[in-house]
Amino acid sequence: MSPAVLPGEEFAALRSRLHGRIRLPFEEGWDAARTPWQLVVDQRPAAVVEAADIEDVALTVREARRLGLAVAPQSTGHGAGTLDASGAILLRTRGLTGITVDPDSATARAGAGATAGALAAAAQDHGLTAVLGMAPTVGVVGMILGGGLGWFARSHGLAANSVTAIEGVDATGATVRADATRQPDLFWAARGGEAPIIVTALELSLHRTGDLQAGALVWPIEATDQVVRAWGAWIADLPETVTSLVRVLRYPPIPEIPEPLRGRDFVAVEAALQAGPPATAELLAPLRAMNPMIDTVHPMAPVELAAVHGDPPDPVPAAGSSVLLGEISPKALDAFIAAALAEPSGALLSIELRHLGGALAPGRAGGGAVSDIGGEGLVYCVGMIAAPPMAGAVSTAAAAVSTALAPFAAPRIVKNFAERPADPTALYGTATDRLRGVIASWDPDGLIRAGHPLGAVRG
């Protein structure tokens, strides 16, 4: 499907039949409709459809085919930098917010517009929890099918492994459901790979958790060397029920930042421990011996985990980059410390190193196109771009961090942390050719555009 610029009357049939609405360039609400969560991404579609239900999705696909346009599905728009919506119909599915929980089977069904925070809250009402990421505002479908790496990662693996079925609309406008026995190739491709359909809902397994303690230990940035090395020694003997990260934070002097943190720089360890207070105290003792200035670790319900990492509740202009580490060795920690404290990194809000392993390790799970992460750690850095001139400094700083950690990098890329289209082989490894085959069989004309298209190469 090639991009096209069509007059407004070409969309008349679609406008008259939608339960939701269509917005065209220069109409009222156009800029708000096309703007994703990633505010630095300037999307230029031919039209935006805000779907109210699955019928709107199917109708949009059929009309797009008639008009010779592609369809670029998008929910919250967190991964907008990987999706080319130019000249296509941008299909916003954020209106499909339905969530149902079956406590007897410990499963949930979530629409494409449901957020991670809403799913966590719905599951919590029944004493259950979902394997999710760390940001509550991200769309459930995109986050989970892209992998999903959060506070239960070391104990339960990638969120994609909890998916039991997907529902959607194919490139002909027909509805489809896929699971382990119906359309198994499609079900395989969608989990961690690429779904050659527009996913409108997914079903997933939920879990029951026992005691949970979580929070952050915070020190002045001057303690970075000591804290990072202590964290590196601490994680060596941790049980899989503990997921943690160490990060260097530089908070800008803006009103959105709480007064005790505003305009100051810190090093912090964030952790979620599936343990009672006595066991947690014993596990954290080596870190607490360094006298953190702030210690927020306390008992909490799973739904409260959304606040631990401090992701912004509203869209902000930001950009970042990531590196998967094959090892968290003393030399890798040396490189992380040097990069985090280097002068260019002053442009970055956060530089973090997540501990992986456990249930994320190869061979621990299977079934999807990507079901594990073959690395020990993940470095992710991000900077806010409050004004256009800051973009260059953030980009330069992020690239410098990636270069510094490159000698310790694993050969793969973690999909949900790649903000630009990436080399398919780096994303999917040996699954790449099979994914191409599944996509070709379901969407031979390329009507449905996806993030990280399989023809893309790393920039």
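Below are my entries, topic by topic.

**Ground rules**

I'm working with a predicted model, in which local features need pLDDT of at least 70 and side-chain atom pairs count only at pLDDT 80 or more, while totals for chains, interfaces and linings use all residues. I number residues from 1 along each chain as its sequence is written, and my side-chain values use heavy atoms, with hydrogens and water left out.

I began with an open sheet of 4 strands, ordered 1-2-4-3 with mixed pairing. I took helices (H or I, at least four residues) and strands (E, at least two) as DSSP runs, numbered from the N terminus. Two strands pair if DSSP finds at least two bridges between them.

Strand 1 (21-23) and strand 3 (71-74) are the edges; each has a single partner strand, so one side of each has no neighbour in the sheet. From one strand to the next, I get an average twist of 20°. For angles, axes are lines fitted to C-alpha atoms, for helices over the stretch in contact, and the values run from 0 to 180 degrees between N-to-C directions.

Inside the sheet, strand 2 (residues 47-50) and strand 4 (residues 89-92) run parallel and are joined by 4 bridges. I looked up Val48 and found Leu90 as its bridge partner in strand 4. Helix 3 (residues 54-67) lies across strands 2, 3 and 4, at about 175° to strand 4. I call it contact when heavy atoms are within 4.5 Å.

**Charged pairs**

How many salt bridges does a search of the whole structure find? I got 23, with a salt bridge being a side-chain nitrogen of Lys or Arg within 4 Å of a carboxyl oxygen of Asp or Glu.

Arg94 sits in the loop between strand 4 and strand 5 (99-102), so its pairing with Glu50 in strand 2 links parts 44 residues apart in sequence. I noted Arg94 as partly exposed, at 33% relative accessibility.

Next was Glu63, whose salt bridge to Arg66 has its closest N and O atoms 2.9 Å apart. Both lie in helix 3, 3 residues apart, about one turn of the helix. Glu63 counts as buried at 8% relative accessibility. I also found a network in which salt bridges with shared partners join Asp31, Arg34, Asp42 and Arg44.

**A charge without a partner**

Is Asp170 buried or exposed? It is buried yet has no salt bridge, and the nearest side chain of opposite charge, Arg65, is 7.3 Å away. Here Lys and Arg count as positive and Asp and Glu as negative; His and the chain ends are not counted. I located Asp170 in the loop between strand 7 (163-169) and strand 8 (175-179). Beyond its neighbours within four places in sequence, Asp170 is in contact with Val61, Val176, Ile197, Trp442 and Ile448.

**Nonpolar cores**

A nonpolar core is a set of buried Ala, Val, Leu, Ile, Met, Phe, Trp, Tyr and Cys residues joined through side-chain atoms within 4.5 Å. The largest one has 65 residues, and Ile144, Leu149 and Ile166 touch the most other members. Apart from that core lies another, of 43 residues, including Val227 and Ile337.

**Strands 10, 11 and 12**

Strand 12 (residues 265-273) has 8 of its 9 residues buried, so it is largely enclosed by the rest of the structure. Strand 10 (residues 213-220) runs antiparallel to strand 12 and is joined to it by 8 bridges. Strand 11 and strand 12 also pair in the antiparallel sense, over 9 bridges. In strand 12, Ala271 is the bridge partner of Ser244.

Arg250 is buried, at 13% relative accessible area.

Methods: Buried means under 20% relative accessible area, exposed over 50%, partly exposed in between (1.4 Å probe, protein chains only).
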